[in-house]
Amino acid sequence: MTEHAAAPTPDTQHSTPSPLSAATHRTGLLVTLLLGGLTATTPLAMDMYLPSLPEVTRSLHAPAVTVQLTLTACMAGLALGQLVIGPMSDRWGRRRPLLAGLAGYLLATALCALAPNAETLIAVRLLQGLAGSAGVVIARAVVRDLYDGVAMARFFSTLMLISGAAPIVAPLIGGQILRVTDWRGVFVVLTAVGVLLTALVWLRLPETLPAAHRHSGGVGHALRSMRTLLADLPFTGYMLAGGFAFAALFAYVSASPFVIQEIYGASPQTFSLLFGLNSVGLVVAGQVNGKLLVGRVALEKVLACGLAVIVLAASALLLMATGVLGQVGLPPIAAALFVLMSAMGITLPNAQSLALLRTRHAAGSASALLGTSSFLVGAVASPLVGVAGEHTAVPMAVVQLAGALVAAACFMGMCRPWNTRGNTRAGSEGDEN
């Protein structure tokens, strides 16, 4: 790799605690809960809505592929919004862009409950994603403000515990909401949750980016920062590895309601339980990553193992979906999905940590690139899983395997983990002393 004078450099050999670290440790639990809540806005908006997808197709008289575009629109909004809000937070601090985004998210979520047709729902879901991206991108930037090295990797695993609880609880809540009301009631509940989170952020989340650390440039400065980040080959490799792994995850999110309920005949409540179980696997794997692996095993090795497991699980799903292994029922499919989702718990946080370790400044721009790449790829994956209709799981398995293979290729080809000097196992021990 050609080195550039302005290129970000990896922070794997040493670490300097943030000037706000002491304040963070004094209010650690509250800050952690709030950052977890912000990170959970996306799975809440997605997963609480999932059990109602078949009902939405009937209620709005729209085909499944059109209704799946409501997921795509939200993902596209999340991707594009981060490109704007991330750099904004580097210039104006974290609080103001975050509060503005949360206000817009509340408005868009309320409008989702009133959508008269699929086209309107797609449009307001796009707005919901654009505004909701503030919570996702700024939460990552705040973590980079406050933590470094191994401490940052462990904090991301802790966030996965909190934000991972949302996919467990959200579909269960969504399934129960459908017992007493229709799919519009799901968005009413989401609006109420958003109001609570916005109030807590307003009252309790401090500014984490001091004025001295902000930049005064405009769009040009943000673009130059992103160009510098993308010129760093390992950063781009980690970004793409995480993004395409996320495509495998989102193929599951988008297709599983139809695969499990329409193909295998499960009820919305059964789907919710299976979805929650898979989320438990993701959370447990994330905690194993943070408590047992990070600091003992190089992050590159853990990421490589996670990608390998995703490839194997996706391959098994494709073999079962195509009938190569004979006719299988729901339990083998559910088991393979559980393994795939659990592997995400060690893949995604380590990909993010390794990428953010390569930039100490412009954390908002770096976070925006990480989030945008993931959500754009996820937005593309969503309609692809429905191209063959609602009666086959083959498109889901194909998209998952393709995403996993591309992620592994980007990691091996661009990050070249075997050339890592010193590894990240011993990096940033100063954060914990």
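## A buried charged network

Asp90 counts as buried, at 4% relative accessibility. In this predicted model, Asp90 pairs with Arg94 in a salt bridge, with N and O 3.0 Å apart. Arg94 is buried too, because its relative accessible area is 3% and the cut-off for buried is under 20%.

Arg94 also forms a salt bridge with Asp145, where the closest N and O atoms are 2.8 Å apart. This pair links distant parts of the chain. Asp145 sits in helix H7, while Arg94 lies in the loop between H5 and helix H6 (95–112). The two residues are 51 apart in the chain. Asp145 is buried, at 12% relative accessible area. Together, Asp90, Arg94 and Asp145 are linked in a salt-bridge network.

## Another salt bridge

The count of salt bridges comes to three. One of them joins Asp232 and Arg358, at 2.4 Å from N to O. Asp232 is in the loop between helices H10 (219–231) and H11 (233–263). Arg358 is in the loop between helices H14 (330–356) and H15 (363–384). They are 126 residues apart. Asp232 is buried, at 1% relative accessible area. Arg358 is buried as well, at 9%.

## Helices H5 and H7

Helix H5 covers residues 64–92, and helix H7 covers residues 118–146. Their axes come within 6 Å and cross at roughly 35°. The crossing is right-handed. Their contact has 17 nonpolar, eleven polar and two charged residues.

## Confidence

The mean pLDDT of the chain is 81, and 85% of residues reach 70 or more. Over residues 1–27 the pLDDT is below 50. Over residues 422–433 the pLDDT is also below 50.

Terms used
Residues are numbered from 1 along each chain as its sequence is written. This is a predicted model: local features need pLDDT of at least 70, side-chain atom pairs count only at pLDDT 80 or more; totals for chains, interfaces and linings use all residues. Side-chain values use heavy atoms; hydrogens and water are left out. pLDDT is the predictor's confidence in each residue, from 0 to 100. Contact means heavy atoms within 4.5 Å. Axes are lines fitted to C-alpha atoms, for helices over the stretch in contact, and angles run from 0 to 180 degrees between N-to-C directions. Helices (H or I, at least four residues) and strands (E, at least two) are DSSP runs, numbered from the N terminus. A crossing is left-handed if the near helix is turned anticlockwise from the far one by less than a right angle, and right-handed if clockwise. Ala, Val, Leu, Ile, Met, Phe, Trp, Tyr, Cys and Pro count as nonpolar, Asp, Glu, Lys and Arg as charged, and the others, Gly among them, as polar. A salt bridge is a side-chain nitrogen of Lys or Arg within 4 Å of a carboxyl oxygen of Asp or Glu. Buried means under 20% relative accessible area, exposed over 50%, partly exposed in between (1.4 Å probe, protein chains only).
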